[in-house]
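I opened the model today to look up helix packing and a few backbone angles. My entries follow.

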Amino acid sequence: MRAGRAFAITLRHLYLLRGSVSRIVPVFAWVTIDMILWGFITRYLHTISLPGSDVGTALLAAVVCWGFFGRVMHGVNMAFFEDVWSRNFLNLFTTPLSITEYIAGLAASSVLTSLVALSVLLTMSSWLFDLSLLTHGPAMAILLLTLFLFGIALGIASCTLALRFGPPAEWFIWPIPAIIAPFVGVFYPISILPGWMQGVGRCLPPTSAFAHLRALVTGTGVPLVSTLPALGLALAWLILAGLLFCGVYRSVMRSGLIARYSAEHIT
Amino acid sequence: MLHQPVLSVSGLRKAYAGKTAVDNISFMVRRGEVVGLLGPNGAGKTTTLNMILGVLGPDQGQVLIDGLDLAQHRHTAMERINFAAVYAPLPGNLTVEQNLRIFGMLYGIGRKNLTARIKELTALFGLEKFRATRCGVLSSGEQTRASLAKAMLNAPRLLLLDEPTASLDPAVARDIRASIKDYAAGGGGALWTSHNMQEVAAVCDRVLFLSQGRIVLEGDPATLPQAHGADDLEELFIRVAKEPLRPERAGD
């Protein structure tokens, strides 16, 4: 793998961001809106909840982390769909670019945009609503890393759908975070879910991450070692998503679908 | 080194849902040679190009690019090849220079060399004043020239051109033909598809006629029409399109 080629994919995304307000604004606009909305909801909850209850704090922390996760996933998707929308696959995949270099480039594009979103979220939550997540130490860092890795994995997996089923699959991809949110217990422990939903939730790394988040912000504390299985699970998802993307890529290269996506207008 | 094969296609076959698109074709492109791949719509030209580019897997057969088996050495082979087609324009939301820089990096060209190469190619294709212009707002002729500049970035040993001058005004088309002839004179090999037979006669050293997925005629565009009782290449093309011939090769 040559880093220069992966960087070319990231550079393409940076060029697009640099020249377009409509691409820059969504990087932080939606997370800002969520932050403000949920910030005031939690402030209101503080006024009506029992003394000593930290429900509002836990909710706001979940909003920060879920917003970050969504930006990571959509960061991968956006970089990928820029190539779909500009019918660029034929030009790209007739260069020496390997599929691992391409995936690495997409992931690096997402790192840049999601770090901007995370900075906005952390600054606003601390400045406006007195919630400072970074004071929770290495456990919080591992939790964020878990969400980051799973966001990349889900981004790659959802791009695989578009690669296999063509550009119209785009409309199944954007709602994916909203679809998995109930299963992973972003705002509640999954013990309140029906058994089958708990089963699905346990397979998804954010479930543990959000359980640990609640424990951290309510002062229960989380041993560092207990955050590691979720990190390992996220890594496994990432490897699986990468393998799936590579397999489907090989298949669409054999079948000629990749050339058709470039030659045909998107309907 | 001139006249060594830069592309060898042997026994290439592809069928879609039981319908044969390319049927056991074999041919070569040598260094310094521009070969025209001709045929009516649906003859199998783009399918053949896609298999050479590695974006479509053949059912049978082998593609050697500069002696490298595409199936086994795809990435090295791709460093030695490039292409331009009207249906694969450069992304319209980036400038000419940004596009060329990104593709140059994908072809592994170093930063200093790339800057010089972009300058050289934008001058060659008359794009200097459009370097900072987004490709999407260029005219179709300017977009084609930008695609050709991309296709020349890595100084490819094999250039695949799918109707590169379609919808261009005659002056631009003439300049592009001259650029391709210069490229071939420098030792590159090119495979050129076009429906403009006058252009093919002017630019190609050899032509291959495809019909129903098979090569039915092959030879020098200057002598092939007379050898088959046609006045010119266009008349021969129309005849091949209407009444598919049995495969034969030059000298048969």
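I call a residue buried under 20% relative accessible area, exposed over 50%, and partly exposed in between. I am working from a predicted model.

Entry 1: I started with Ala155(B). Its phi is near 45°, a positive value in a residue other than glycine. Most residues other than glycine have a negative phi. I located Ala155(B) in the loop between helix H5 (140-152) and strand S7 (158-162) of chain B. Is Ala155(B) buried or exposed? Its relative accessibility is 52%, so it counts as exposed.

I then went to Asp130(A). It is not a glycine either, yet its phi is positive, about 60°. Asp130(A) sits in the loop between H5 and H6 of chain A. I read 72% relative accessibility for Asp130(A), so it is exposed.

Entry 2: I looked at how helix H5 (residues 99-129) of chain A packs on H6(A). The axes are 11 Å apart and the angle is about 135°. H5(A) is therefore oblique to H6(A). The crossing is right-handed. Which residues meet there? From H5(A) I listed Ile103(A), Ala107(A), Ser110(A), Val111(A), Ser114(A) and Leu118(A). From H6(A) I listed Leu144(A), Phe148(A), Ile152(A) and Ile156(A). By class I noted eight nonpolar, two polar and no charged residues.

**Entry 3: H3 on H8.** Next I took helix H3 (residues 55-85) and helix H8 (residues 176-184), both of chain A. Their axes come within 11 Å and cross at roughly 140°. That angle makes H3(A) oblique to H8(A). I noted a right-handed crossing. H3(A) contributes Trp66(A), Phe69(A), Met73(A) and His74(A) to the contact. H8(A) contributes Ile176(A), Pro177(A), Ile180(A), Ala181(A) and Val184(A). The classes are eight nonpolar, one polar and no charged.

**Entry 4: H10 of chain A.** I checked the length of helix H10 (residues 205-217) of chain A. At 1.5 Å a residue, its 13 residues should span 18 Å. The end C-alpha atoms are 19 Å apart, so the two agree. How many residues of H10(A) are buried? I found 11 of 13, so the helix is mostly covered. Among them are Phe210(A), His212(A), Leu213(A) and Arg214(A). What do the buried residues pack against? I wrote down H3, helix H6 (137-165), H8, helix H9 (195-202) and helix H11 (228-255) of chain A. Just after H10(A), Gly219(A) takes a positive phi of about 85°.

Notes: Residues are numbered from 1 along each chain as its sequence is written. Chains are lettered from A and ligands numbered from 1 in the order in which they are written. This is a predicted model: local features need pLDDT of at least 70, side-chain atom pairs count only at pLDDT 80 or more; totals for chains, interfaces and linings use all residues. Side-chain values use heavy atoms; hydrogens and water are left out. Axes are lines fitted to C-alpha atoms, for helices over the stretch in contact, and angles run from 0 to 180 degrees between N-to-C directions. Helices (H or I, at least four residues) and strands (E, at least two) are DSSP runs, numbered from the N terminus. Angles under 35 degrees count as roughly parallel, over 145 as roughly antiparallel, 65 to 115 as roughly perpendicular and the rest as oblique. A crossing is left-handed if the near helix is turned anticlockwise from the far one by less than a right angle, and right-handed if clockwise. Contact means heavy atoms within 4.5 Å. Ala, Val, Leu, Ile, Met, Phe, Trp, Tyr, Cys and Pro count as nonpolar, Asp, Glu, Lys and Arg as charged, and the others, Gly among them, as polar. The expected span of a helix is 1.5 Å times one less than its number of residues. Buried means under 20% relative accessible area, exposed over 50%, partly exposed in between (1.4 Å probe, protein chains only).
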